[in-house]
Amino acid sequence: MILFARRAFTLARTEIAALAAFAVIALCAATFADLAEDSREADDQGFDLAVLHALHPYADDPARPLGPPWAGIVAADITSLGSTALLVLFALMAVGLLLMLQKRLSALLLVVGLAGGLALSEGLKAVFERARPPVEFQSVHTLNASFPSGHALLSAVFYLSLGVMLTRAFPRRRLKAYVMGMAIVMTLLVGLSRIYLGAHWATDVFAGWSVGAAWAMALWLVSYAVARRQRRHHAVLQDQAAPEARDEVSAPA
C-alpha cells in the first residue's frame, strides 16, 4: 500500500496538468448536460428572461442595451472577435507564427480544433434548435439557432487553445500566465458581448463556454500525449523547445 501510494503521488505530481485537464472536461460536460436539459424546458427560462430584461430596460427601444450609446458599439466590435471569419483569419496568422516557432504539432491541432469546434457548434444547434431571444431585443443581426452560442464556443476553442499552445513558446512563468490570462479574458468578453447585445440567452453562452473549454482541453491532452510519444521516436511532427529555454538549459552554472 505504501509503494502504491508513493507511485500514485508521483504520478499525480508529474501529471498534474493532465489531471487538471480531465477535471475541466468532466466539469464542463456536466455543466453542458444540465444547461441542455434546461434549454428544452420552456418554463425554465426565468433566469434568461431576467438577464435579458435587466440588460435591455428601455421599453421604447428594447434593442438598446443598458448603458451609454457607445457601449453598444464597443460590444458589437468585441463580439466580432468571435465571428467565424475573423477567427479563421486569426487562425491563419497563428498557424504561421507557430510554424515559425517550430510548433508543428500545435499548428496542426489548432486547425483541427477550430474546424472541430465549428462542426460542434453547427451540430449542436441543429440538435437543440432553440429559438433566440425576441428580435426586438437583438442589437445585432443573427443567424441559425441559439443553443449553444457559436461565438462563445468558437472563441473558447480558439483563444484557449492558442493560449495553451503559445505558453510552450515562452520559458518564463510570467509570460505564460499573461498569455493564458489574455486568452481567458478574450473568451469571456466575446461571450458576455453576445448576452449584452441580446443575440443569445445567457445560458446559451454558458453552454458555449462549456463545450469550447472542454474541446480545448481535449485538444491539449491529445497534444500532450502525441508530443510525448513523438519525442521518444524523434518524429518530425512535434513541437520543438523554445530557443530561450534551450539557451537557459545549456548555459553554464
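Predicted model: local features only at pLDDT ≥ 70, side-chain atom pairs only at ≥ 80, totals over all residues.
Residues are numbered from 1 along each chain as its sequence is written, and side-chain values use heavy atoms, with hydrogens and water left out. A pair of aromatic rings is described by the distance of the centres and the angle of the planes. Rings of Phe, Tyr and Trp (its six-membered ring) pair if their centres lie within 6.5 Å; planes under 30 degrees apart are stacked, over 60 edge-to-face, and the rest tilted.

One of the pairs joins Phe32 and Phe128. The ring centres of Phe32 and Phe128 lie 6.0 Å apart and the planes stand at 85°, so this pair is edge-to-face. Phe32 belongs to helix 2 (residues 16-39) and Phe128 to helix 6 (residues 104-128), so the pair ties together parts 96 residues apart in sequence. Helices here are DSSP runs (H or I, at least four residues), numbered from the N terminus. Buried means under 20% relative accessible area, exposed over 50%, and partly exposed in between (1.4 Å probe, protein chains only). Phe32 and Phe128 also form one aromatic cluster with Phe147.

Phe158 and Tyr159 make another pair. Their ring centres are 5.1 Å apart and their planes are at 75°, so this pair is edge-to-face. Phe158 is buried at a relative accessible area of 2%. Tyr159 is buried as well, at 8%.

A charge also meets a ring. The charged end of Arg64 sits over the ring of Tyr58, 4.2 Å from the ring centre. The criterion is NZ of Lys or CZ of Arg within 6 Å of the ring centre and within 35 degrees of the ring normal.

Side chains of opposite charge can pair when their charged atoms come close. The search of the whole structure finds two salt bridges, each defined as a side-chain nitrogen of Lys or Arg within 4 Å of a carboxyl oxygen of Asp or Glu. Arg130 bridges to Asp48, with the closest N and O atoms 2.9 Å apart. Arg130 lies in the loop between helix 6 and helix 7 (150-167), and Asp48 in helix 3 (residues 46-55), so the pair ties together parts 82 residues apart in sequence. Arg130 counts as buried at 8% relative accessibility, and Asp48 at 2%. Arg130 also meets Asp204 in a salt bridge (2.7 Å, N to O). This pair links the loop between helix 6 and helix 7 to helix 9 (residues 202-233), where Asp204 lies, 74 residues apart. Asp204 counts as buried at 0% relative accessibility. Through shared partners, the salt bridges join Asp48, Arg130 and Asp204 into one network.

His56 lies in the loop between helix 3 and helix 4 (69-79). At 3% relative accessibility, His56 counts as buried. A polar atom of the His56 side chain lies 2.7 Å from the backbone oxygen of Pro62. The His56 side chain also reaches the backbone oxygen of Tyr196 at 3.0 Å. Not counting residues up to four places away in sequence, His56 touches several residues, among them Arg64, Phe137, Ser139 and Leu197. Contact means heavy atoms within 4.5 Å.

Methods. Helix = DSSP H or I, 4+ residues; strand = E, 2+ residues; numbered from the N terminus. Polar contact = N/O pair within 3.5 Å; in protein donor to acceptor, adjacent residues only side chain to side chain.
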